[in-house]
Structure formats: structure tokens, C-alpha cells
Amino acid sequence: MTAHFGQPPVSPGLWALAWQRLKRDRVGLFSLGVVGFYLVVVGLAMAGWIARDWTQEVGVNYAPPVFYPLDQDETAQLAGPKPLPATPVDLYGLKDPLAGVLADIQARYPRDAAGRETPRRLTLPLGGDKWGHDVLTKVIKGSQTSLLVGLVAALLATALGTVMGAVAGYFGRWVDDAFNWLYGVFTSIPYLLLIFAIAAVLQQKGVTTIVLILGLTGWTGVFRLIRAEYIKHKTREYVLAAGAMGASHWRRMFIHILPNTSHVILVQLSLNVVGFIKSEVILSFLGFGVPVDVVSWGSMLNEAQNELILGKWWQLAAAGTAMAVLVTAFSMLTDALRDALDPKLKN
Amino acid sequence: MLLRVKHLQISFRAGKSLLAPAVRDVSFELAERTTLALVGESGSGKSVTALSILGLLPRHLTEIASHSSIRWQGREVLRGSETTLRALRGRQMAMIFQEPMSSLNPVFTVGDQLMEGLRLHLGMTRRQARARAEELLEEVGIPEPRRRIRAYPHQLSGGQQQRVMIAMAISCEPSLLIADEPTTALDVTIQRQILELIANLQRQRNMSVLFITHDLALVSEIASQVVVMKQGEVREAGPLQQVFAAPRDPYTRALLACRPPLGERPRRLRVIEDFLGTTPPAPMPSRTRGSEANDRMVLEVRHVGKDFLIPEGLWRRRRFPAVRDASFRLARGKTVGIVGESGSGKTTLGLTLAGLLQADRGDIQFVGEHALHPEQEGSALRRKRRIQIVFQNPYASLNPRFTVGHILTEPLLLHGIGGNAPARERLARGLLERVGLPATAFERYPHEFSGGQRQRIAIARCLAVKPDILICDESVSALDVSIQAQVLNLLQDLQDEYHMSYVFISHDLAVVHYMSDQVLVMHDGDVVEAGDADAVFNHPQHAYTRHLLSAIPRGWHP
């Protein structure tokens with residue numbers, strides 16, 4: 001390798017080089033686009049610009065998707081029975097004490113000419129669920145929950161694993177033994193069992209709880225790899241040189257070594273996101289997940305198992321597809337990232 | 001003629017684009033029963049040439065020009081099929097590599113690996129192959145071959161591993177042995193044994209040897225024909241006598257001159273640039289070294305020892321003394337050289353001096369300050385300012401994620417030198433200039449620099465804190481000889497300018513002799529001999545020192 005002094009003075013950093021390599025990877029770039037699209041949608045949903053009113057019962061119960069061919073009978077069945085003609089009621093001169101309240105309600109929820117509430121739509125873009133919620137907005141809102149849980153929990157788990165792995169690998173000896181013992185305990189318990197145990201102890205349904213559960217159990221893989229990286233790097237000459245210069249332990253660990261393990265951390269982070277999205281789905285599917293007022297892909301799949309018996313497959317299809325596409329794209333992106341960031345593959 | 005290489009031109013592919021040729025128009029001939037040395041520095045294309053003879057270059061990554069030709073006993077092999085090549089490899093030509101440890105498969109015994117070739121190429125039965133393998137091990141000088149045939153590679157020493165590699169190479173009685181830097185990874189005394197082995201085998205078996213090396217001194221001991229390569233081109237070729245006595249190419253002349261000579265000590269070493277002009281370089285005044293009566297001491301090392309704990313079994317640990325007992329005094333502006341083979345404890349001693357390892361015994365005393373008990377007199381940080389270390393591997397000693405500017409300003413920041421960031425940047429740019437690098441290097445990353453340039457950066461980083469003592473731990477061993485001369489000259493200049501004291505650790509006796517006023521010879525953790533450099537090299541007292549000195553390749557003498 002020779003230096004080229006004829007080039008412009010500012011040289012591409014390692015991140016710029018990684019980006020150049022990623023740009024050449026078509027599959028990676030496409031996956032990046034898909035993941036980016038999800039992030040934009042989730043961002044809009046969080047800002048409240050789309051899918052805010054997913055709780056509105058806009059369609060009839062089990063409204064099929066728009067592309068579903070409806071025949072006469074089914075349309076009639078979905079529309080429900082004809083409303084009964086209004087029967088005059090003789091009040092014998094008494095004044096209805098609830099008339100005011102009733103009028104108030106009727107004013108707030110105007111009914112159509114037939115005396116029904118605002119007419120519910122017979123079909124919805126991706127169909128409706130048992131209560132007539134729009135599945136499309138549910139999927140968008142569910143993406144928000146799932147992606148948020150996946151990202152935050154992965155950040156937590158990766159941060160925990162990195163710090164613990166760094167300390168264990170760098171200091172070695174009894175510190176390493178202690179962390180390895182903890183690692184051994186966590187990995188010896190079957191994963192789902194561990195999650196259930198912590199869920200049972202926390203006794204609280206909520207997004208924060210899920211993030212905590214996944215974050216506190218998911219650090220083991222990161223720990224193992226980062227520890228190995230630190231064991232490898234701590235005897236490298238550049239770290240010894242930093243020590244000879246008088247750099248503190250903290251400085252050597254997090255200023256000198258950490259950037260050299262960033263490719264491992266980044267890849268582990270994105271692997272964890274994929275894993276945790278799936279874990280959230282499993283948790284919610286089994287009923288340990290999000291509370292009833294929150295929708296996630298897992299809770300949708302949980303509802304879908306009853307619907308499927310009735311032949312209403314669209315909620316399952318929508319949630320399943322949304323998850324499959326994101327997880328696949330994220331996995332392929334991770335793969336591309338690993339290739340792009342691996343210093344060994346430098347051209 | 002056994003082998004005839006003509007107009008060989010090889011380019012590598014990177015993705016879809018073709019890189020500049022790694023080997024350009026290389027032609028040479030190798031007759032029966034001769035040894036030809038292919039000499040060159042890294043990147044000269046010598047190994048690529050050897051691999052192309054064996055057809056071992058990955059075909060999808062290489063492009064060999066259509067007018068190139070390699071003829072083996074008159075037959076073209078360059079465009080031969082894989083089957084004909086495979087029949088040729090092992091049977092007719094065999095190769096040994098630089099790293100014996102990674103050339104042997106660690107999960108098979110050396111016997112299995114030897115017998116594989118015998119059974120495949122010669123169709124021997126298991127029993128025959130075993131008997132032959134024992135004979136071969138005996139022939140290459142492995143003691144107790146009947147027992148060693150069942151040994152795994154890691155149970156053998158580096159020299160023995162290389163012997164096994166040689167046994168494998170000669171097992172099918174090839175007519176040509178290609179040896180690619182076979183002794184570079186070995187100690188100087190082992191190198192001598194392996195060279196003698198190859199020379200003996202060549203004579204006894206009437207083989208030809210293609211010996212690839214960067215070391216001209218070795219060439220003169222083993223080869224009869226020499227081809228000097230640089231950047232893919234042949235610069236000079238001819239019989240040994242002619243190339244060494246009357247080199248025609250300036251590059252060859254420079255290569256011959258830039259190694260430190262053992263007998264004398266020129267003020268500066270020759271570098272390639274000296275030979276590029278039309279006039280021959282003027283004679284160089286020499287430099288005297290050695291301790292003087294009015295030397296002012298800066299460092300006193302008394303009976304320092306360092307043990308390592310080696311796990312033994314599940315619970316027990318055994319103490320292994322890496323350094324048993326080392327004492328010396330270092331004067332201001334002088335150099336103490338430490339020589340020894342691998343495992344002698346010289347690097348451990350260096351790391352202990354630099355404060356990267358804690359000594360178990362003894363006392364390291366700066367003038368007026370105890371290094372072992374820094375808390376008594378000044379902080380550990382202040383001690384680090386006085387002693388700095390330059391490591392062997394310039395590719396590992398610079399943080400790949402830092403720019404050169406970041407690398408150089410960090411010690412300034414840690415020690416509070418320079419005050420603010422712009423002042424530190426000014427100081428760092430000054431350091432770059434001092435070690436002979438352009439100011440544009442400041443914004444660049446280490447991976448953009450060559451080995452010699454990186455070593456300059458590492459030296460600049462040490463200079464940043466203006467140390468009294470600089471430890472050079474094999475600091476020039478990984479560099480090409482021409483680059484080595486430049487870095488040694490830089491170290492000399494810096495010593496003259498700043499009156500720094502050096503602790504110069506190396507396995508390379510010629511370099512240590514050139515750089516040192518005093519020399520310590522270490523063996524198995526002990527200092528076996530110490531004294532003025534010239535005294536030790538000219539009149540060695542200890543048997544080990546004599547053994548070591550006799551193993552140095554002496555270079556060419558008419």
C-alpha cells in the first residue's frame with residue numbers, strides 16, 4: 001500500500017468507504033430503501049399525521065378488503081338486518097327524563113335517514129376486523145409499536161452487551177469470570193421461558209415492559225462478541241502504544257478500541273432489531289405483550305387466529321406480510337452492512 | 001534447460017477492472033542442478049512469479065498476457081489443464097512457504113501429511129508410505145523420526161516444522177524446489193541450519209532450487225544465479241559473481257549498500273536515492289560508538305525480573321520467568337542494544353521498561369526517580385513522558401480509525417502540551433515535517449501509508465512528548481531493507497538532534513551493532529553477555545554469543 005500524495009488532502013474515512021461499498025450492493029441498497037420507507041411511515045404515524053384514528057369503527061364487522069369479490073347475498077348479510085320502522089311510544093303525558101341526554105347523543109352521532117349511525121363501509125382497503133377497525137391503519141399503527149419496541153430494545157440490549165463485554169474483555173481475570181457467570185446463567189435458561197419469567201415478575205402490560213424484558217434478556221449475543229473483540233484488541237500494539245502514552249483505561253476502552261469494534265456492534269444491533277420484532281410478535285401473540293389499547297403486529301396475529309376459523313384471513317395476511325417484508329429487508333440490510341463494514345474486505 | 005520463463009506478464013483483476021501488471025516482462029532460465037535466487041522487496045512480484053510457475057494463482061483473479069510463456073523441460077505449462085498441472089506439482093516441482101506453522105494442517109499429524117503425498121503421487125500402500133515418511137524425516141534432520149511421525153505440528157518447534165515442510169516437498173523427489181522466503185520467520189541460528197539443509201539436499205538429490213528472498217546476504221550463501229526484481233520488473237540478472245562484484249543496476253547497488261555492514265559503522269546508511277544520480281555517492285565518514293567516561297546516566301536497571309503465570313491443568317499455575325535478571329545503565333544520547341532470539345525475553349524487558357508490564361523483581365530507576373514506585377516521586381503520567389516505545393508492526397501500532405492528526409495530537413492532549421487545539425495541530429504538523437512526511441498526511445488515515453511511512457508516524461507520536469528514552473522494539477524488522485535504512489537514518493538524526501537515549505531491541509545482529517553503543521545478549525531470559533558493541537561483536541566471550549554471531553549470513557566475499 002502506498003500513499004498517494006497527489007490526491008486531495010481530505011481522504012475518505014472508513015465510514016465513507018463503507019458507504020461506497022454499500023452503494024455498489026444492489027440488494028443492500030434496495031433493503032435500505034424498504035427499511036427507510038417503514039421508518040418514514042412510522043415517523044408519520046408517531047407525529048399523528050396518519051393512522052391516528054385506528055380505533056374508529058369505520059367499516060362493518062369483518063369488512064372484506066376492496067378487492068374481495070362480493071355477491072348479492074354477502075352484501076346483504078354484511079349490511080345487516082333492515083332497521084325496524086320506528087314504533088310510536090305513548091308516554092301518557094310523562095316527560096322522558098333522559099330525553100335531553102338522548103338528544104345530546106343523537107346530535108353528537110348523527111344518524112342517516114334510516115335511523116342508523118353514519119353508514120359503515122362495506123369494504124375497507126385491506127379489510128376490517130371483528131369491530132370494523134380498518135386493518136390498514138392497524139397495520140401502520142402496529143408497525144409503529146413493533147418497530148419502536150424492536151429499535152429501543154435492541155439499542156438497550158446492544159448498549160448493555162457492549163459495555164459489559166468491553167469491561168469483561170478488557171479487564172479479564174476475575175471481572176471476566178463474574179460477567180461470564182452472569183452470561184452463563186442467562187444463556188442456560190431457555191429464551192422464551194426466561195422472557196415469561198420476567199414478564200410474570202414485572203406483572204405489567206405495556207410497551208415499556210416489553211422493551212425492558214427484551215433488552216434485559218437480549219444482551220448475551222452482543223456481550224459474547226464484544227468481549228472477544230476486546231480480548232483481541234487489548235493486546236494490539238496501538239492499544240499498548242496508547243497505554244505507553246499515558247491514556248487511561250477508560251480512554252483505551254471507549255476511545256481507542258470501541259471504534260474498531262463498531263462494525264460488530266452495528267451488525268449486532270440490526271440483528272437484534274430483527275430478532276426483537278419477532279419476539280414482540282411472539283409475546284403479544286401469547287398474550288404477554290401490549291395492552292388492549294395498543295395495537296401491534298403480534299396482537300393482530302393473536303386476533304387473527306379466531307378470525308381464521310371464520311374464514312376472515314385478511315388481518316393475518318396484512319400483519320404477516322408487513323412483518324415478513326420488514327424482517328427480510330432488515331436482515332438483508334444487515335448482511336450488506338456486514339460486508340460493507342468489514343475492514344478485512346477492504347479493496 | 002529445466003525451466004524457461006519468457007516475457008511473463010501477470011495482472012490482477014479487482015472486480016471488473018484490471019489492475020496494473022504485478023509482474024512485467026519477466027524472463028529467466030533455470031538449468032538443472034543450480035540454485036537461482038529471486039531477490040526483491042515487498043511488492044516486487046517475486047512470489048507471484050513463483051506461484052505462476054506452479055499454476056497456483058487463482059485463475060479468475062489473474063490475467064496472464066498471451067505472449068507470456070513458462071516452459072518446463074520444453075513443455076508449455078502456462079496454459080496447461082488443471083490435471084497436467086496437478087501431475088506436475090508435487091511430482092516434478094514442490095514448494096515450501098514462509099510460515100511453516102500455517103502451511104501445516106494443525107489437526108493432522110506430520111506423518112499423515114507426509115504420507116498423503118506419497119500415497120497420492122507414488123501410489124504407495126500405507127505401510128510403504130509410513131516407512132518412507134520416517135526415512136524422509138530422518139533425512140531432513142528430525143531426531144527420533146519413529147516417534148515424531150505421530151506428532152502434531154504444534155508439538156514441533158518452528159525450525160522442525162520447516163524441516164517437515166521440506167520433507168514433504170522432497171518426498172516425491174522433484175526436480176525443482178521452490179522456496180518462498182523459507183527462513184524469514186525463523187531465528188538466525190535456525191535459519192543457518194535450514195539453509196545448510198536445503199544446500200545439502202540440492203547437492204545430494206541433484207535438484208534445482210528457486211530461492212525467493214528479500215535478503216541479499218542469504219543469496220550469496222546459497223545461490224549461483226541471481227535475479228533482482230523491483231515492482232514487477234527484472235532489474236538485473238546474472239551469475240552471483242557478476243551481480244555482487246559488479247552490479248550494473250543502481251537499484252542492485254543500493255540494495256547491496258543499504259544493509260548496515262558488520263565491520264564498519266558509516267555515519268548514515270545509503271538509501272536508494274543516493275544511487276539514482278549519475279555520479280557514484282561520495283564515501284561516507286564513519287561514526288564511533290561505545291561508552292565514554294563522561295557519560296551522564298539517565299536510566300539504571302538493576303536485577304529486573306518478570307514472570308508469567310502459565311495455567312497448568314485446571315487450577316494450578318506455573319511461574320515462567322520470561323526475564324530472570326537484567327541489569328544495565330543507559331547514558332544520555334547513547335544506545336543500548338538488546339539482541340536475542342525469539343523467547344529470549346527481550347521484548348518482555350522492553351515492555352517492562354516502558355511501564356506496560358509490572359516488574360516482579362528489581363529496580364528501574366530514572367535519574368532521581370523510581371520507576372517501579374512512581375507514586376513516591378511524581379505521577380505515573382510524568383514517567384510516561386520520559387520513556388516512549390516504538391513497536392515492531394507499523395500496521396498494528398496505529399489505530400486504524402484515527403486520522404494521523406488525531407494520533408499525533410492525542411499524546412499532546414493527554415499530557416497537556418500545547419494548550420489549545422490549534423496550537424496542538426501546529427505542533428503535530430511540525431512533528432510530521434520532522435520525520436519527513438508531508439503536511440497533507442495530517443488529515444489522512446494510517447491505511448493510506450506504506451510500512452515505512454507508518455513507522456515514521458509512530459516515531460513522531462513518541463517525539464510528541466519529547467521523551468528522554470525511546471525504546472525501539474524490533475522497530476525496523478518488518479520493513480524492507482531500503483526502507484529500513486531510511487528509518488535507521490531518521491533515528492540516528494533524531495538522536496543527534498535531541499540527545500535521546502535508545503533501547504534498541506532486535507533479532508537482527510547487524511542492525512543492533514550499527515545502532516548501539518552497548519549491547520546486551522539475551523538467552524532464555526538471562527543476559528549472557530554485555531559490553532561495548534564493538535567489543536561484544538569482535539571478541540565475544542560467551543559461547544552463545546559466538547554461536548549467534550557465527551550464524552549471521554556474511555554476505556558476499558570474493
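In the structure above, Ile178(B) stands opposite Leu210(B), which lies in strand E10 of chain B. The model is a predicted one, in which local features need pLDDT of at least 70 and side-chain atom pairs count only at pLDDT 80 or more, while totals for chains, interfaces and linings use all residues. Residues are numbered from 1 along each chain as its sequence is written, chains are lettered from A and ligands numbered from 1 in the order in which they are written.

The pair named above belongs to the contact between two neighbouring strands, E9(B) and E10(B), which pair in the parallel sense over five bridges. Here strands (E, at least two residues) and helices (H or I, at least four residues) are DSSP runs, numbered from the N terminus, and two strands pair if DSSP finds at least two bridges between them. E9(B) also pairs with E8(B), again in the parallel sense, over four bridges. Within that pairing, Leu177(B) of E9(B) is the bridge partner of Ala94(B). Leu36(B) stands opposite Leu210(B) in E10(B).

These strands are part of an open sheet of six strands in chain B, with the order E8-E9-E10-E4-E11-E12 and mixed pairing. Strand E8 (93-96) and strand E12 (233-239) stand at the edges of this sheet in chain B; each has a single partner strand, so one side of each is left without a neighbour in the sheet. From one strand to the next, the twist averages 15°. Helix H1 (residues 46-54) of chain B packs on the sheet and touches E4, E8, E9, E10 and E11 of chain B, and its direction makes about 150° with that of E9(B). Such angles run from 0 to 180 degrees between N-to-C directions, and axes are lines fitted to C-alpha atoms, for helices over the stretch in contact.

How many of the five residues of E9(B) are buried? Five of the five are, so the strand is largely enclosed by the rest of the structure. A residue is buried if 20 or more other C-beta atoms lie within 10 Å of its own, exposed if 12 or fewer, and partly exposed in between, with C-beta atoms placed from the backbone. In a regular strand the side chains alternate between the two faces of the sheet. In E9(B) both faces are covered: Leu176(B), Ile178(B) and Asp180(B) are buried on one side, and Leu177(B) and Ala179(B) are buried on the other.

Chain B also contains a pair of packed helices. Two packed helices are described by the angle between their axes and the distance between the axes. Helix H4 (residues 110-122) and helix H7 (residues 158-170) of chain B pack at an angle of about 20°, with their axes 9 Å apart. H4(B) and H7(B) are therefore roughly parallel to each other, a description given to angles under 35 degrees, whereas those over 145 count as roughly antiparallel, 65 to 115 as roughly perpendicular and the rest as oblique. Val110(B), Gln113(B), Leu114(B) and Gly117(B) in H4(B) meet Val164(B), Ala167(B) and Met168(B) in H7(B); two residues are in contact if their C-beta atoms, placed from the backbone, lie within 7 Å.

Elsewhere in chain B, strand E13 (residues 297-312) and strand E14 (residues 316-331) run antiparallel and are joined by twelve bridges. In E14(B), Arg318(B) is the bridge partner of Ile310(B). The two strands form a hairpin with three residues between them, and Gly313(B) in the turn has a positive phi of about 70°. Gln73(B) has one of about 50°, in the loop between strand E6 (69-72) and strand E7 (75-76) of chain B. Glu144(B) has a phi near 50°, in the loop between helix H5 (126-139) and helix H6 (145-148) of chain B. Gln73(B) counts as partly exposed, with 14 C-beta neighbours inside 10 Å, and Glu144(B) counts as exposed, with 10.

Chain A has 14 helices and zero strands. Of its 347 residues, 36% are buried. His233(A) lies in helix H9 (residues 220-234) of chain A and is buried, with 21 other C-beta atoms within 10 Å. Leaving aside neighbours within four places in sequence, His233(A) is in contact with Val239(A), Ile257(A) and Asn260(A).
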